[in-house]
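User: I would like to go through this model with you, one topic at a time. Please have a look at it first.

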Amino acid sequence: MNPSSKSSTATSGDDNEGPLTFEKVWRMFKETDRKFQEAAERSKETDRMFKETDRKFKETDRKFQETAERSKETDQKIKEAAEQVRETSRGITRLERQFTSMWGKLVESLVEGDLIRLLNERGIAVEGHTSVYQEGRRI
C-alpha cells in the first residue's frame, strides 16, 4: 500500500486509523451525543407505551369489576325470580287442590242426590254401573 492511498482512506471518515485528532474526538462526541438522543427518544416512546398499557390494564380491570358487579346483581335477580316462581307454584297448587276438592264435593253431592235418576228422567242415558264415592271411599 502506498502512502497516498493510506491518507485517502484516513481522510474518508475512518476514525480508527491514524493519530487521534481534535476533529476525530469531536466527531466521536457528536456521534455519542446523537446515539444518546436516539436512546432518549426510544426511552420516551417506551415510557409512553408503558403508560398506555397501564391505562388499558386499568380500564380492563374496571370493566371486569363492573361485569362482576352486574353478575352479582343478575344472580340476585335470578334468586328473587326463582323464589317468586316457587311462591306462585305453591299458590297454584293450593288453588288447584281447593278447586278439585270443591269440584269433587259438588259431584259427590250431585250423585248422592239422585243425579243419575234425574238425568235418566230427562232422557239422558247414563250407561254402565256407577258407584258412589264419598271423600274417596265407596259407599
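User: Which element of the chain has the lowest mean pLDDT, and which the highest?
Analyst: The lowest mean pLDDT among the elements belongs to helix α1 (residues 3-10), at 42, and the highest to α2, at 92. Here pLDDT is the predictor's confidence in each residue, from 0 to 100. Over residues 1-12 the pLDDT is below 50, and beyond near neighbours in sequence this stretch has two contacts in the model. A contact means heavy atoms within 4.5 Å.

User: And what is the mean pLDDT of the chain?
Analyst: The mean is 82, and 77% of the residues reach 70 or more.

User: What conventions apply here?
Analyst: This is a predicted model, in which local features need pLDDT of at least 70 and side-chain atom pairs count only at pLDDT 80 or more, while totals for chains, interfaces and linings use all residues. Residues are numbered from 1 along each chain as its sequence is written, and side-chain values use heavy atoms, with hydrogens and water left out.

User: How many helices and strands does the chain have?
Analyst: The chain has three helices and two strands, running α-α-α-β-β from the N terminus on. Both kinds of element are DSSP runs numbered from the N terminus: helices are H or I with at least four residues, strands E with at least two.

User: What share of the residues is buried?
Analyst: Buried residues make up 2% of the 139 residues in the chain. Buried means under 20% relative accessible area, exposed means over 50%, and partly exposed lies in between, with a 1.4 Å probe and protein chains only.

User: Which residues form a nonpolar patch on the surface?
Analyst: Phe99, Trp103, Leu106, Val107 and Leu110 form one, with about 490 Å² of accessible area together. Patches are made of residues with over 30% relative accessible area and no salt bridge; like charges are joined within 9 Å, and nonpolar side chains (Val, Leu, Ile, Met, Phe, Trp, Tyr) within 5 Å.

User: Where is Phe99, then? Is Phe99 buried or exposed?
Analyst: Phe99 is in helix α2. Its relative accessible area is 53%, so Phe99 is exposed.

User: Changing topic: how many aromatic pairs does the structure hold?
Analyst: It holds one aromatic pair. The ring centres of Phe22 and Trp26 are 6.2 Å apart and the planes are at 15°, so the pair is stacked. Rings of Phe, Tyr and Trp (its six-membered ring) pair if their centres lie within 6.5 Å; planes under 30 degrees apart count as stacked, over 60 as edge-to-face and the rest as tilted.

User: Where do Phe22 and Trp26 lie in the fold?
Analyst: Phe22 and Trp26 are four residues apart in helix α2 (residues 22-112), and are therefore separated by about one helical turn. Phe22 counts as exposed because its relative accessibility is 62%, whereas Trp26, at 48%, counts as partly exposed.

User: What does Leu20 contact, apart from neighbours within four places in sequence?
Analyst: Leu20 is in contact with Val25 and Met28. Leu20 is found in the loop between α1 and α2, and counts as exposed at 64% relative accessibility.

User: On to charges: how many salt bridges are there?
Analyst: The structure holds twelve salt bridges. The criterion is a side-chain nitrogen of Lys or Arg within 4 Å of a carboxyl oxygen of Asp or Glu. One of the bridges joins Glu52 to Arg55, with the closest N and O atoms 2.6 Å apart. Both residues lie in helix α2, three residues apart, about one turn of the helix.

User: What about Glu66 and Arg62?
Analyst: Their side chains meet in a salt bridge at 2.2 Å, N to O. Glu66 and Arg62 both lie in helix α2, four residues apart. Glu66 is partly exposed at 31% relative accessibility, and Arg62 is partly exposed at 36%.

User: Which residues are linked in a network of salt bridges?
Analyst: Glu31, Arg34, Lys35 and Glu38 are linked in such a network.

Note on methods. Accessible areas come from the Shrake-Rupley method with a 1.4 Å probe; for residues, only the protein chains shown count as cover.
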